[in-house]
Amino acid sequence: MSGRRHEPTVGLALGSGAARGWAHIGVIRALEELGIRPQVVAGTSIGAIVGAFYAGGRLAPFHDWVQQLGRREIMSLVDITVGSGLVEGRKLEAFYADWLQEARIEDLDIPFAALATEVDNGTEVWLQEGPVAPALRASSAVPGLLAPVLMGDRWLVDGGLVNPVPVSVCRALGADRIIAVNLNGDLLSRHGRHTGDSLHTGTPSKGPRQRGPSGWIKYLPDGVAEKATALLKQWLPARAVPQKDPDPERPGMLDVAASAINVMQDRITRSRMAGDPPDVIISPRLGHLGLLEFDRGAEAIEQGYQATMDFRAALQGLLPTRG
């Protein structure tokens with residue numbers, strides 16, 4: 001009697017990257033076309049969001065929603081506040097709960113974990129049980145942009161601060177083969193000039209990117225921008241409130257914060273994956289997409305799909321040949 005060849009458990013580690021994270025949808029679509037269906041999913045920040053929709057069997061309608069997402073829909077999910085973040089995040093949590101039908105992590109179709117960071121001590125937190133919606137809100141709470149989330153007795157923020165691409169979590173959940181998606185591979189040169197290097201060949205941004213301290217506020221639609229500025233005037237010293245900048249090329253406040261996070265996450269990702277390498281690393285070229293350009297989902301999805309198909313041979317080699 002011949003023994004059956006062991007089918008390895010495939011894990012999918014979805015990394016952080018804000019709006020660039022829509023690329024994860026294209027990655028998953030390509031994997032399914034190649035006949036690869038991960039049995040374990042771990043995600044950080046936007047990776048946790050897409051991962052939960054996939055694990056919960058809701059990725060197909062979510063894909064359609066992202067494709068038509070515009071700034072009006074984005075801002076309908078924004079609840080601006082004053083405190084430890086510009087956005088409170090309760091509307092986002094309600095959005096996740098509605099789409100995922102109040103699901104709990106342990107009841108999803110695929111074993112799943114979301115990564116977060118404890119504010120007080122920097123501990124890496126693996127969220128593997130309880131309601132999905134607050135876990136996604138915590139995992140994606142970018143410091144300064146979204147308010148931290150209280151879960152139990154711990155304040156949690158974006159998991160990308162400690163584990164941007166959660167390969168280690170997939171392994172702990174039982175994965176034998178791990179596919180990692182790193183969204184931060186070509187970000188550090190995004191604000192520089194084009195050099196002709198292959199990493200700079202992405203699609204140009206839609207028009208000139210806003211600069212200066214007020215650039216990120218100008219991204220907001222009429223009405224919301226005024227409210228954000230008014231709140232900042234109450235929150236910050238008068239001299240710190242965004243004003244017209246005499247140097248339009250100087251990076252804005254959010255640009256600087258985003259770049260700092262990009263540098264940190266790139267270094268952490270390189271270090272962690274050197275010590276615990278995945279079997280395949282997919283790195284879509286997304287440096288041309290900004291932190292908050294969630295309305296460019298179609299571009300990001302296509303980049304994720306193409307980057308995955310570029311690794312077709314390596315990905316198919318993860319599974320034993322059926323004979």
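Let's start with one word: a residue is buried if its relative accessible area is under 20%, exposed if over 50%, and partly exposed in between (1.4 Å probe, protein chains only). Helices (H or I, at least four residues) and strands (E, at least two) are DSSP runs, numbered from the N terminus.

The model is predicted, so local features need pLDDT of at least 70 and side-chain atom pairs count only at pLDDT 80 or more, while totals for chains, interfaces and linings use all residues. Residues are numbered from 1 along each chain as its sequence is written, and side-chain values use heavy atoms, with hydrogens and water left out.

**Exercise 1. Get an overview of the chain.**

Task: Find how many helices and strands there are in the chain, and what percentage of its residues count as buried.

Solution. Step one: go through the DSSP runs, and you get 12 helices and 10 strands. Step two: look at burial, where 52% of the 323 residues count as buried. Step three: check the contacts (heavy atoms within 4.5 Å). Among contacts between residues at least 6 apart in sequence, 79% join residues at least 24 apart.

**Exercise 2. Follow the chain from strand 2 through helix 2.**

Task: Work out which residues of helix 2 are buried, and which way the residues of strand 2 point.

Solution. Begin with strand 2, residues 40-44. Five of its five residues are buried, so the strand is largely enclosed by the rest of the structure. Val40, Ala42 and Thr44 point one way, while Val41 and Gly43 point the other way.

Now find its partner. Two strands pair if DSSP finds at least two bridges between them. Strand 1 (residues 10-14) runs parallel to strand 2, and four bridges join them. Leu12 stands opposite Val41.

Next comes Ser45, in the loop between strand 2 and helix 2. Its phi is near 60°, a positive value in a residue other than glycine. Ser45 has a relative accessible area of 4%, so it is buried.

Then you reach helix 2, residues 46-55, where 10 of the 10 residues are buried, so this helix too is largely enclosed by the rest of the structure. Just after the helix, Gly57 takes a positive phi of about 70°.

**Exercise 3. Describe how helix 3 packs against two other helices.**

Task: Find the angles at which helix 3 meets helix 1 and helix 11, and list the residues that touch in each case.

Solution. Angles under 35 degrees count as roughly parallel, over 145 as roughly antiparallel, 65 to 115 as roughly perpendicular and the rest as oblique.

Take helix 1 (residues 23-33) and helix 3 (residues 59-67): their axes come within 11 Å and cross at roughly 135°. The two helices are therefore oblique to each other. On one side of the contact are Ile25, Ile28 and Arg29 from helix 1, and on the other Leu59, Phe62, His63 and Val66 from helix 3. Sort these residues and you get five nonpolar, one polar and one charged. For the sorting, Ala, Val, Leu, Ile, Met, Phe, Trp, Tyr, Cys and Pro count as nonpolar, Asp, Glu, Lys and Arg as charged, and the others, Gly among them, as polar.

Now helix 11 (residues 297-309), which packs on helix 3 at an angle of about 130°, with the axes 8 Å apart. That makes this pair oblique as well. His63, Val66 and Gln67 in helix 3 meet Gly297, Ala298 and Ile301 in helix 11. This contact divides into three nonpolar, three polar and no charged residues.

Technical notes
Axes fitted to C-alpha atoms, helices over the stretch in contact; angles between N-to-C directions.
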